Amino acid sequence: MTDQENNNNISSNPFAALFSSVADAKQFASVQKQQLPTGPPECPLSTEDVYDSEDSDVSSLESVDNDSITDLSRAFRSQKEICEQLNINHMLQRIFLITLDNSDPSLKGGNGIPPRCVYLEDMATDLDGQDWLDMNNVEQALFTRMLLPEPGTRLICMTSGNVINMSADRDAGEKEVIKYLFACFQRAKGEITKVPENLLTYALRCKALTVSNTRTVLLTPEIYINQNVYEQVVDLLLEGVSGPHFEDVTEFMDDVIATLKSDEEVRTFNEVMFPVLDILLRRIKELDLCHIMLYGYLDILLYVTRQPELAQVFLKHIEPKDPKNGNLYQQTLLGTVLNISCLLKTPGLVENHLYFLNPSRSSPQEIKVQESNIHQFMAQLHDKIHQILRNLIQLSSDTKHCILSWLGNCLHANSGRTKIWANQMPELFFQMYASDAFFLNLAAALLKLCQPFCKPKSPKLLTFNPTYCSLKDLNEEERKSRNVHIKGLDKETCLIPIPQGLEPSFAQTYNLVTENLILTQFALHLGFHRLHDQMIKMNQSLHRLQVAWREAQQSSSPAAENLREQFERLMTVYLSTKAAATEPQMLQNCMNLQISTTTILVQFSLGNRGTEYMEVTFPLLDLEYCMLSHVPEFFADNLGDFFIFLRRFADDILETAGDSLEQPLHFVTVFMGNVERMKNPHLRAKLAEVLEAVMPHMEQVQNPMISMFHRQRVFSSYQHAHYLAEALIKVFVDIEFTGRFESEQSDPHQFEQKFNYRRPMYPILKYMWGYDHYRQSIKTLADYAFDNLEAMNPPLFLRFLNLLINDAIFLLDEAIQYLSKIKIQQIEKDRGDWDNLPPEARREKEGNLQMFGQLARFHNIMSNETIGTLAFLTSEIKALCVHPILAERIISMLNYFLQHLVGPKMGALKVKDFSEFDFKPQQLVSDICTIYLNLGVKESFCATVPKDGRSYSPMLFAQTVRVLKKINKPGDMIMAFSDLADKVKSFADLQQQEEETFVDAPDEFLDPIMSTVMTDPVILPSSRVTVDRSTIARHLLSDQTDPFNRSPLTMDQIKANSEMREKIQQWLAERKRQKDQNGQTFE
């Protein structure tokens, strides 16, 4: 019989329909003839499980050969067995892309065969002629396939035709074992959805086989030559999170994890997964903020932290070797993610930096675009980190405890970042602690966790329990059961001390609101403050470099290029830092948190411990104990820092707060002047800067680009304006006695610091003065002071004016001295006196000139503000200022400065560039004359002016009139001052006559401090010394002690010396009578 006839006969056999092609049927028949003596092969399939005819891959054939029928009948008991075996073979080929059959592809047919398979030649040989896969040999076949070093070299075509199919070649020849097994897993899933019920069990077994073999690979990776299976796992996860098959990847990984966890005898689950996490750490560490691949790896971490078993491994993996070493947290996988930023990776090393290079050659628009691009990536990074933390917190109580413990331990280990020495020893700092980027990103993520309770008047906020911060000596079990994961907070200074003998009531367990809020504030305390401080210092350094660079260019100095490079490098660092610190969403979240913090602290200050918000009312009630005793000072420090930062670097964010801006105003009003609720005077002084930050800025009101609408509305309509104004003036006075500011010799730095604290208070007072209700509040304080001049404690506003005068005298005098030194040095330099100096001496001269310039600028700015404040206050507050307690000091101050500004000494102040040192002589002269005109309406004041024997002279006032004309002041002002000068001169003439009367006055009539004849003598109770009332009153404004023996003294303790007063009056009357007689005799 010819082959063609044989084919025709077989094709007409009804059993041939069970085969996918005539060739398959023929081959099967010939094999069975050879194997008949051994009997038919054992079939693992049940005869009841069979494809339906419509599900079979077999084509119907027409004719049948009788010999073939006989052979086939003897070979199999039923067609079901044949059908099942063939379909199982094809299904296994489709899933695993392997085969034992290398017959001519033209003899194969049907839709169920994959286009390419790896031919397992050795196994086919071992099976001695069996060229089909079944459930008995597939596991061996799969293992054999996985061990092939180059499976692509063993590909065969399974279908006829030589069509190039690169996709099929790639799939079947996949070299990476993990990727191959996952693809098999996917194909098995596909089969499960398509196969008939009788084959479903086998498809499921195939799927399980891919999982079990993956487990084998991960447990024994060393047997797979040239295969880094852990890298492959990472690549698979990366492909999954960034592709369309994420659900398949997660299902595959979940199944693999389950098998790994079921038996950990060979290797523990941690041992299997740690290398995967190590690879993730290494890859992430190599990427920068704007690399798109980074966010794929972060998506992997999102999956890891959602998967219960992987989350546990992740938490174990990020444990530092030494929990007390803050820097080690940064080296963990989570720490590596937190360390990603646009900040310099190595402080000071700009060369390898990726952002803001050559900034002087970039336009402002280009810099802004780059900053915006960075902000977009930062927002994405912060969102991913937030999701990672949230996943771990929400996954289970164990993962929540672990991640909160990690955060708490991390913050505790890095608490030294706030130490003063840390900024002075940068190399040691970076070895011991995590980076600024780490804490910036951590704070940004924690801020997101806080947002649910940072809405206005959120009920959740009232559940915050700060006694958490006072707990100490808890063991690990107690920390877990009570939800207390931050250590060392009990050593923090709180806003007010706990009353002596009081035992606080601690909660049995603390909620997540409490822990989140404290974690976030602590992270901000450790990170944001330092970054803000760096930006301020860089700003100042950039200004100095720019000035030096400009001067070097003008003088064609060879140092110009070096200065330009320094400026470029520092500008790169500054712009990078600014971009990192000003991501809009982070700032918005932080503002929400800080406004909420002001809200809850005000509620605590009212004594509120309930579930409803209390209305803020004044005056505040006295409290023996409140929750403020448990709130660390860094809460207030943080919010102060943040609002000040916004004022300097992101002013537009404040406007978005709208009506919520009233909460910071409440906070400032309650705490700024209240030592019973905030003990630290430095913190209370800082609140003046907070107030300046949240109020509208006068210099920007005309700028249409910056909206002030909400700030103006909230500030101008504030219902507690009187108490806000009083709090501002009270803290102005209080800082005089903070940290021994009054002792200039003991610590000049602290003495100068009080002026920095007062700097923002001047523009606030000026702005308040422009509103009727604020101005009336200030005038009410002045009226009360005038009515109570001799109260036991000097009235607040009297002390305020006295300090304002003290400051003006000190500041302007210092500014004058520095300007005089600068003038001398500028003359020396211009004459060439420095040219022949040794380099070291010349550098010293240059350094001194720069230092004098900075000091002169600071003192000029402050003196301008101080004199300007006195100018507008005296416009309506006159009675107090012309009282003998203050009048003589105001007059001597004004005359002394006029001497230097308009008199013969003015030449000593003519430095090259007034603006460089903020020296504004015209404005100072104008303000001084304004004060004179404001108070000159009082006769008593005019009469006191000539008593200033040190500086007053009619010529001084005449010179002042000439200067007013020269600087083009209004004519009515010039005329009014001329009239005042005439009036004062007439009083001077009268005084000269009176002074002749006082000549040879007995010593007992003279004030022992001022050496002038006393007009109202009083006796000091302890020293029994008699002094003039106005003299001791002025002394007690600054120092409430007896000046002669330092014993405590108040105005209410002094007694009038009526006897001495009568003696003085009698003596004066006698001297006047004698003078009159002598005058008549002379006539």
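Figure 1. One aromatic cluster is formed by Phe464, Phe522, Phe604, Phe634 and Phe635. The model is predicted, so local features need pLDDT of at least 70 and side-chain atom pairs count only at pLDDT 80 or more, while totals for chains, interfaces and linings use all residues. Residues are numbered from 1 along each chain as its sequence is written, and side-chain values use heavy atoms, with hydrogens and water left out. Rings of Phe, Tyr and Trp (its six-membered ring) pair if their centres lie within 6.5 Å; planes under 30 degrees apart are stacked, over 60 edge-to-face and the rest tilted. The count by this rule is 36 aromatic pairs. Phe528 and Phe642 make a tilted pair, at 6.1 Å centre to centre and 55° between the planes. This pair links distant parts of the chain, since Phe528 lies in helix H23 (residues 512–554) and Phe642 in helix H26 (residues 633–649), 114 residues apart. Helices (H or I, at least four residues) and strands (E, at least two) are DSSP runs, numbered from the N terminus. Phe528 counts as buried because its relative accessibility is 8%, and Phe642 counts as buried at 1%. Buried means under 20% relative accessible area, exposed over 50% and partly exposed in between (1.4 Å probe, protein chains only). The pair of Phe797 and Phe800 is tilted because the ring centres are 5.2 Å apart and the planes at 50°. Both Phe797 and Phe800 are buried, and they stand three residues apart in helix H35 (residues 796–831), about one helical turn.

**Figure 2. Arginine side chains over aromatic rings.** A charge sits over a ring if NZ of Lys or CZ of Arg is within 6 Å of the ring centre and within 35 degrees of the ring normal. The charged end of Arg145 is placed over the ring of Tyr180, 3.9 Å from its centre. Over the face of Phe732 lies Arg758, at 4.3 Å from the ring centre.

**Figure 3. The packing of H26 against helix H29 (residues 681–694).** The axes of H26 and H29 are 8 Å apart and meet at an angle of about 35°. Axes are lines fitted to C-alpha atoms, for helices over the stretch in contact, and angles run from 0 to 180 degrees between N-to-C directions. Contact means heavy atoms within 4.5 Å. Residues of H26 that meet H29 include Ala636, Gly640, Phe643 and Arg647, and their counterparts in H29 include Leu683, Lys686 and Val690. The contact of H26 with H29 comprises seven nonpolar, one polar and eight charged residues. Here Ala, Val, Leu, Ile, Met, Phe, Trp, Tyr, Cys and Pro count as nonpolar, Asp, Glu, Lys and Arg as charged, and the others, Gly among them, as polar.

Figure 4. Most residues other than glycine have a negative phi, and most peptide bonds are trans. The peptide bond from Phe618 to Pro619 is cis, with omega near 0°, and Pro619 is placed in the loop between helix H25 (584–605) and H26. Phe356, in the loop between helix H16 (333–338) and helix H17 (364–395), has a positive phi near 55°. Asp473 has a positive phi near 60° and belongs to the loop between helix H21 (436–450) and helix H22 (476–482). Phe356 is buried at 3% relative accessibility, whereas Asp473 is exposed, with a relative accessible area of 74%.
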